[in-house]
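This briefing concerns pockets and backbone geometry in the structure shown below. Please read the points with the coordinates at hand.

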Amino acid sequence: MKQVDCVIIGGGIAGLQAAIQLGRYKHDVLVIDSNQGRSTICRCYHNILGWPDGVSGQEIRKLGKLHAEKYGVHFLHDVVTTLQKESNHFYLETEQHATFEAKTIFLATGLVDHLPKLENLVTCLGTDIYVCPDCDGYEVSGKKTVVLGAGNTGADMAVTLAYWSNDIIYINHNQSAVDVTKLDELEKHRIKIVYEQIEKIILDEKQHFAGVLLKNGEVVGAERGFIGFGGNKINYELAEAVGVELTENKHVLVNPRTKETNIKGVWAGGDLAAHSEQVTIAMGDGSQAAIWIHKRLLEQ
């Protein structure tokens, strides 16, 4: 059983930033990553300092891994299945039956977006179709935009985007009910709602988003798209197993100053933690947690 100072579970933005910081402290760090999460599917982030033309999640992950390895951080492509605390140490087992003992843990297991299985959707994510209005609402400025969503969640997304565009159509993919108050908001912003299933995403000759084809054969042309389905899956199971306190919607609660959870020796950050889901915030979480992990390791 290999013993390390810190095991980081999740190699996304928060996990990588924590790994870099801990590597610079010269700690023995292992990142266990299954290569999933929002950063694996976003083809272009536009709101990150230093990338005025945007950068893909995969590029950040690739560069972040190289950066961390420069400081001696080790990586394992695997899935942690068991996390237990005994006395002041933690014991982990993976799908590939590797076992580890760690003095500290940083949970960065993230979430999985609830995306419909539509032809050409993944091709457009982060370039013409988006999931986060705080990140990419700007990208629909003055553009004809369709919201691909369901029920109240999609209605809320459409109303939010009305800040940037006055040409929005909301396609209620599964025809689920929308509250009267939200219908009033849609009408106030002159947002048309269509109760019809989406057949596929339409691409133009340059493989850019051009609209959607509905099940009834109707084509809704547009320049941009947004996802509004709700129901994202938080990867909270390991946190729960070790006794970490969760919110009602399964995000992890952390100390805002240190990012440590209620379980001593366990920190968390990124999309798993209870706050706005942003790349730059995830980076901050990773650095902040690493600084306090370092302090704890010095105590030990």
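Buried means under 20% relative accessible area, exposed over 50%, and partly exposed in between, with a 1.4 Å probe and protein chains only. The model is predicted, so local features need pLDDT of at least 70 and side-chain atom pairs count only at pLDDT 80 or more, whereas totals for chains, interfaces and linings use all residues. Residues are numbered from 1 along each chain as its sequence is written, and side-chain values use heavy atoms, leaving out hydrogens and water.

**Positive phi**
- K250, in the loop between α8 and β17 (266-268), has a positive phi near 80° although it is a residue other than glycine, and it is partly exposed, with a relative accessible area of 30%.
- H97, which is not a glycine either, has a positive phi of about 65°; H97 sits in the loop between β5 (89-94) and β6 (99-107) and is exposed at 63% relative accessible area.
- Helices (H or I, at least four residues) and strands (E, at least two) are DSSP runs, numbered from the N terminus.

**Largest pocket**
- A pocket is an open set of points on a 1 Å grid over the protein atoms alone, where a 1.4 Å probe fits, with protein on both sides within 12 Å along at least five of seven lines; lining residues have an atom within 4 Å of a point.
- The largest pocket holds about 600 Å³ of space, a volume being the space filled by probe spheres set on grid points joined across faces, edges and corners.
- Its lining comprises 43 residues, with Q36, G37, T109, G110 and L111 nearest the centre, and α2 contributes the most, three residues.
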